[in-house]
Amino acid sequence: MKTFKQAFEVIKDAERFHLEMANVYENLLEKSEDYRTQLLLKHMLEHEQRMAKNLQHYNEVAQNKVMKTWLQYTHEESTNDFIRRLNLSDPPTIREINNMAGR
């Protein structure tokens, strides 16, 4: 684990996390049979895609000087680690999906 990263690395990590979460929601959406759960998953999928796109855009327009700033950085949890700890049923219930969004 790195203790320090430059701002552009932190933003890239966050973008990657949101893209991976979008993939998770897309896979769950394909498995889901409940209409309300599907609506929630579609909303969450779109949100994650927007977040990743916004981070990518920020990375493109931010001043180079700002992006090279060193930050103390400790968050390196993978998407798989996050999902594994949730212990979701197959397919997950709307309550499980809602709880995942809160985390």
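Helices in these legends are DSSP runs of H or I with at least four residues, numbered from the N terminus. The views show a predicted model.

View 1. Val 61 lies in helix α2. With a relative accessibility of 52%, Val 61 counts as exposed, because the cut-off for that class is over 50%. Together with Tyr 58 and Val 66, Val 61 makes a nonpolar surface patch of about 260 Å².

**View 2. The aromatic pair of Phe 17 and Phe 82.** A search of the whole structure finds 1 aromatic pair. The ring centres of Phe 17 and Phe 82 are 6.3 Å apart and the ring planes stand at 70°, so the arrangement is edge-to-face. Planes over 60 degrees apart fall in that class. Phe 17 belongs to helix α1 (residues 7-31) and Phe 82 to helix α4 (residues 79-86), so the pair ties together parts that are 65 residues apart in sequence. Phe 82 is buried, at a relative accessible area of 8%, whereas Phe 17, at 23% relative accessibility, counts as partly exposed.

**View 3. Glu 48, a buried acidic residue in helix α2.** Glu 48 is found in helix α2, which spans residues 35-61. Glu 48 is buried yet has no salt bridge. Arg 50 is the nearest side chain of opposite charge, and it is 9.3 Å away; a salt bridge would require a side-chain nitrogen of Lys or Arg within 4 Å of a carboxyl oxygen. When residues up to four places away in sequence are not counted, Glu 48 touches His 18, Met 21, Ala 22 and Tyr 25.

**View 4. The surroundings of Leu 55.** Leu 55 is another residue shown here, and it lies in helix α2. Leaving aside neighbours within four places in sequence, Leu 55 is in contact with Ile 11, Ala 14, Glu 15 and His 18. His 18 is also among the residues that Glu 48 touches.

**View 5. Thr 93 in the loop between α4 and α5.** Thr 93 is found in the loop that joins α4 to α5 (94-102). At 39% relative accessibility, Thr 93 counts as partly exposed. The C-alpha atom of Thr 93 is separated by 8.4 Å from that of Asp 34, although the two residues are 59 residues apart along the chain.

Conventions: Residues are numbered from 1 along each chain as its sequence is written. This is a predicted model: local features need pLDDT of at least 70, side-chain atom pairs count only at pLDDT 80 or more; totals for chains, interfaces and linings use all residues. Side-chain values use heavy atoms; hydrogens and water are left out. Rings of Phe, Tyr and Trp (its six-membered ring) pair if their centres lie within 6.5 Å; planes under 30 degrees apart count as stacked, over 60 as edge-to-face and the rest as tilted. Helices (H or I, at least four residues) and strands (E, at least two) are DSSP runs, numbered from the N terminus. Buried means under 20% relative accessible area, exposed over 50%, partly exposed in between (1.4 Å probe, protein chains only). Lys and Arg count as positive and Asp and Glu as negative; His and the chain ends are not counted. Contact means heavy atoms within 4.5 Å. Patches are made of residues with over 30% relative accessible area and no salt bridge: like charges are joined within 9 Å, nonpolar side chains (Val, Leu, Ile, Met, Phe, Trp, Tyr) within 5 Å. Accessible areas come from the Shrake-Rupley method with a 1.4 Å probe; for residues, only the protein chains shown count as cover.
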